[in-house]
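Please read the following note with the sequence and the structure side by side. Each point takes up one part of the chain and can be checked by eye.

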Amino acid sequence: MSRRPYVPPRATPANRGGNPGGLFAAVRAAGGPVDWAKPATDAPGPAGPAEGPAVPGAEPRCAPAPATAPLGTAPPVVVPATATPAAARPAAGGGRLRGAVRGATPLALAGLLANVANLGVTLVIARAMSTRSYGATAQLFALFMIVSMPGSALLVGVVRRVTTWTRTGRADLVAGWAARVRRAGLRGVVAVAVLALVARGPLAHELSLPGPGGVAETLTAGAAWCLLCVDRGLLQAAHRYRELAANLLVDAAVKGAATAGLVLAGLAQTGAATAVLLGVLAALAHARRSLGPTARAGSAQAAEGAEAAETLPAPAWGAAAAAGGRERRLAAELGTALTALAFLALLQNVDVLIQGRLSPGESGQYAAVSVTCKVLMFGAVVLAGFLLPEAADRRHLGEHALHQLGATLAILALPAAVLLVAASAAPAALLSLAFGPRFTDASGALLPLAAAMTCLGATVLFTHYLLALGSRAVLVALGLTAAAAAGLIALAGGSPVTTARMDLAVQAVLAAVTGLLVARAARRTMSAPGAGRAATKVAHA
């Protein structure tokens, strides 16, 4: 029997602009995913109660079973699109938390499987490569994480813009806009690929790499990742978590198979970097196919919009000024997300880059410790893919998303606890089992670095929560901590244990500060009178 979620009918007149098929006109009822591929000809209106008709003549609303819930489980509590009365919140809290856990579970499982696959490949290539080549591979991967941050910031912008449009009756604008962004992104990937070929030699020398092999592939993969983030952002904004989970698995499967094959063929770090690029391209193809009719309709709508722009008179000054204001706000939000995520990427990888530069001979041993611990970071990023759209959606309802944040923190805490116990009990045995006895010299760094990455994983979730609310206060905390981390780690002089301890000190402080910022933001959200209506008005302005 099909589990296709029910998309409620619209309560306001037909959408503007004649969106072909109305692919982006569906607005998510709280608790269920949006199906943008289902035709809908009406623009979104105020949501009605969880049961009964929204307006005269409309179909009865049903509580949709989530696409992410396994068979045989009860459907989650449906939260109306109006602020929940204070008296009802305690009773609904447990149901919301369970619903949040169910919603995040598919992504968490996909992230777990992807990390297991990556770990398995890592074990294979670590035994096939020299410690120097493995250290160079870790540096290239750290470089990829940094250059791919603009894509992660773009993903935040896509989710926030699409959520705003769907909540304010302008969902018909999404398809054409997304098509234009894709075309610009494709041109950017080509330009970066050309520049990477020119800059690979000097950059390899600056990072003390054995040679330029893999640098151009890494930079190109980072640019292609930015293009992938546009489509992943569309999937997230539609709450299509199963398709997003499948996309993560496609990326991991292609990258893992290519890495093992190319490295075992003798291509060392060049083969590993090429595999990263192949994984991103495969995920990009899968995401485009998952969006399917949406992508094709967007291209058609963009073309029609360009033709219409040539024949329509210029807009009135007021309308043009309003549009310009919206674009400036989007640019500011995108800049905020880019800066925040760039700081997070630096905090995640600054230890590998500085330690490898100061002590190349120990870079392979420290890389083994780093790879083991930063599995937690990848899990946090995957869970942020669930938290970001949930928090953005509830912002427009005047509600907090602390239940969703709590669910993601609880899921992240499970592997963190296992890693901390193993790192405390037998760090050398764990590294020897995973990477071989050659990589155990830095085992003393395993416990402090595992604790540091646990703190940074929490910071990643806190930061995405704040970005979904449009908060900029987190930038100060991230920037100061990134600067402090770089300075303190440089003082460690390349010692793996001292590097990990310095990293833990700054990450623990940062997690505490960003957690306090989240608590303050949640209090403001709930204390603001008419917050849901106000947020929608501001977004529509």
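In which helix does Ala153 lie? The points below begin with that residue and then move on to other parts of the model, which is a predicted one.

1. Ala153 lies in helix 3, the helix that covers residues 149-167. With a relative accessibility of 1%, Ala153 counts as buried, because buried means under 20%. If neighbours within four places in sequence are left aside, Ala153 is in contact with Leu334, Ala337, Leu338 and Leu341. A related distance can be given for Glu333, which stands 180 residues from Ala153 along the chain, while the two C-alpha atoms are separated by 9.1 Å.

2. Helix 2 is mostly covered, with twelve of its 17 residues buried. Among these buried residues are Ser133, Tyr134, Gly135, Gln139, Leu140, Leu143 and Phe144.

3. How do helix 2 and helix 5 pack, and at what angle? Helix 5 covers residues 215-237, and the two helices meet at an angle of about 30° with their axes 8 Å apart. Helix 2 and helix 5 are therefore roughly parallel to each other, a description used for angles under 35 degrees. On the side of helix 2 the contact is made by Leu140, Leu143, Phe144 and Val147, and on the side of helix 5 by Val215, Thr218, Leu219, Ala221, Gly222 and Trp225. An α-helix has 3.6 residues a turn, so residues three or four places apart point the same way. The crossing of helix 2 and helix 5 is right-handed.

4. A second pair to look at is helix 6, residues 241-291, with helix 10, residues 375-395. Helix 6 and helix 10 pack at an angle of about 155°, and their axes are 11 Å apart. They are therefore roughly antiparallel to each other, as angles over 145 degrees are described in this way. Tyr241, Leu244 and Leu248 of helix 6 make the contact with Val382, Gly385, Phe386, Pro389 and Glu390 of helix 10. Here too the crossing is right-handed.

5. Two residues deserve a careful look at their backbone. Most residues other than glycine have a negative phi. His239, however, has a positive phi, near 60°, and this histidine is placed in the loop between helix 5 and helix 6. Its relative accessibility is 4%, and His239 therefore counts as buried. Ala268 also has a positive phi, near 50°, but Ala268 is found in helix 6.

6. Is Ser208 buried, partly exposed or exposed? This serine lies in the loop between helix 4, residues 174-206, and helix 5, and at 27% relative accessibility Ser208 counts as partly exposed. Ser208 and Ser359 are 151 residues apart along the chain, and their C-alpha atoms are separated by 10.0 Å. Ala512, in helix 15 (residues 496-527), is likewise partly exposed, with a relative accessible area of 44%. From Ala512 to Phe462 there are 50 residues in sequence and 10.0 Å in space, C-alpha to C-alpha.

7. Finally, the chain can be viewed as a whole. The protein chain has 16 helices and two strands, and of its 541 residues 52% count as buried. Among contacts with a separation of 6 or more, 81% are accounted for by residues 24 or more positions apart. The chain exposes about 21,800 Å², and carbon and sulfur atoms supply 69% of this area.

Technical notes: Residues are numbered from 1 along each chain as its sequence is written. This is a predicted model: local features need pLDDT of at least 70, side-chain atom pairs count only at pLDDT 80 or more; totals for chains, interfaces and linings use all residues. Side-chain values use heavy atoms; hydrogens and water are left out. Helices (H or I, at least four residues) and strands (E, at least two) are DSSP runs, numbered from the N terminus. Buried means under 20% relative accessible area, exposed over 50%, partly exposed in between (1.4 Å probe, protein chains only). Contact means heavy atoms within 4.5 Å. Accessible areas come from the Shrake-Rupley method with a 1.4 Å probe; for residues, only the protein chains shown count as cover. Axes are lines fitted to C-alpha atoms, for helices over the stretch in contact, and angles run from 0 to 180 degrees between N-to-C directions. Angles under 35 degrees count as roughly parallel, over 145 as roughly antiparallel, 65 to 115 as roughly perpendicular and the rest as oblique. A crossing is left-handed if the near helix is turned anticlockwise from the far one by less than a right angle, and right-handed if clockwise.
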